[in-house]
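Please look over the sequence and the structure shown here before reading on.

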Amino acid sequence: MIWPISVCYRSRSVERTNNLFVLDALHTPDEPVLLRLRCISNHSKLFHDTICHPKLVEIASELIGPSIRYINQDKVNMKPPQSESSVVTWHQDWAFFPHTNDSLVTVCIAIDDSTRENGCLQVVPGSHKGPLYSHFKDGAFVSAITDPAFDPSTAVHVEVTAGGASFHHVLTVHGSAPNLSRHSRRMLCFNYSSTDAWPLLGVAGHEFTSHGPVDWERYCSTAVKGKASVFPRMKALPVCIPIPLDSGFDIYQHAKPSVVNQPQ
Ligand SMILES: O=C(O)CCC(=O)C(=O)O
């Protein structure tokens, strides 16, 4: 895969995390250190084509149904070598983007070999059956499970060689440990939903917001297979609305023991 060097290069002029770049605390203009590229498909045709790739779409379709769209939440997660700050705390994607039903799947594609040593994805098998754990602390959404009843002891490591992919359900509890190895760990994350799963927070647009108006054109522009639908399928499931966001909303910035156990 060709790396979007021109996109990354732009991070040199950025001093704070923004809608595109999540910066590591060590980031400087001379030595950029990025933790995440947000909504990269809006900035790079290569990534947009990847999200629409027929093979990926076909597998997603086998899992969630014949008509699917992607959610504008795609990203490249990057764990620099020997970086304590690259923990992704335990969470369920469903807490971030509730829909009218849970026919949603996340695909993670390894750009580098993803191993225990460099902080590969970890998932809790069976957690897709629920419950939805609380991601709130002191009345604010903190992007991490805070529920003291949550027990990560059955989590498994998902080691994937470069170019390989793993798929997990939107309710699956997952996270990842810091990269303590000497090699970087980069991974693409895409989210697909059935077109009859309507987002409760609106249809996010190309400008990347997690909440947006219900806009038919936006909705259709993210369809990758089958038919769009204006008849949401409803399923009785626990949901939460992820507001108010804790200031500095980002999954990495809560990687501190005061929030919850972290992936080891
Ligand atoms: O990068 C990882 O290890 C996990 C990514 C993830 O779960 C997320 O970004 O929501």
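Of the 264 residues in the chain, 40% are buried, and the model from which this value is computed is a predicted one. The chain has four helices and 14 strands. Among the contacts that join residues at least 6 apart in sequence, 81% link residues that are at least 24 apart.

- Just after α3 comes glycine 65, which takes a positive phi of about 120 degrees.

**The largest nonpolar core**

- In soluble globular proteins, nonpolar side chains tend to be buried together.
- The largest nonpolar core of this model has 43 residues, and those with the most contacts inside this core are Ala60, Val105, Val107 and Tyr192.
- Elements that give two or more residues to this core include α2 (45–51), α3, β2 (34–38) and β7 (121–123), while the largest share, six residues, comes from β6.
- Leaving out residues up to four places away in sequence, valine 107 touches Leu56 and Ala60, and also Ala165, Phe167 and Phe190.

**A buried residue in a loop**

- Leucine 171 has its place in the loop between β11 (165–169) and β12.
- Leucine 171 counts as buried because 20 other C-beta atoms lie within 10 Å, and the cut-off for a buried residue is 20 or more.
- Apart from its neighbours within four places in sequence, leucine 171 is in contact with Gln92, Trp94, Asp102, Ser127, His128, Gly130 and Leu132.
- Although leucine 171 and aspartate 102 are 69 residues apart along the chain, their C-alpha atoms are separated by 7.8 Å.

**Around the ligand**

- Nine residues surround the ligand, and the closest of them are Asn77, Val88, Leu121, Ser176 and Cys189.
- The elements that give two or more residues to this shell are β4 (75–79), β12 (174–176) and β13 (185–194).
- By type, the residues of the shell around the ligand divide into five nonpolar, three polar and one charged.

Methods: Residues are numbered from 1 along each chain as its sequence is written. This is a predicted model: local features need pLDDT of at least 70, side-chain atom pairs count only at pLDDT 80 or more; totals for chains, interfaces and linings use all residues. A residue is near a molecule or strand if its C-beta atom, placed from the backbone, lies within 6 Å of it. Ala, Val, Leu, Ile, Met, Phe, Trp, Tyr, Cys and Pro count as nonpolar, Asp, Glu, Lys and Arg as charged, and the others, Gly among them, as polar. A nonpolar core is a set of buried Ala, Val, Leu, Ile, Met, Phe, Trp, Tyr and Cys residues joined through C-beta atoms within 7 Å. A residue is buried if 20 or more other C-beta atoms lie within 10 Å of its own, exposed if 12 or fewer, and partly exposed in between; C-beta atoms are placed from the backbone. Two residues are in contact if their C-beta atoms, placed from the backbone, lie within 7 Å.
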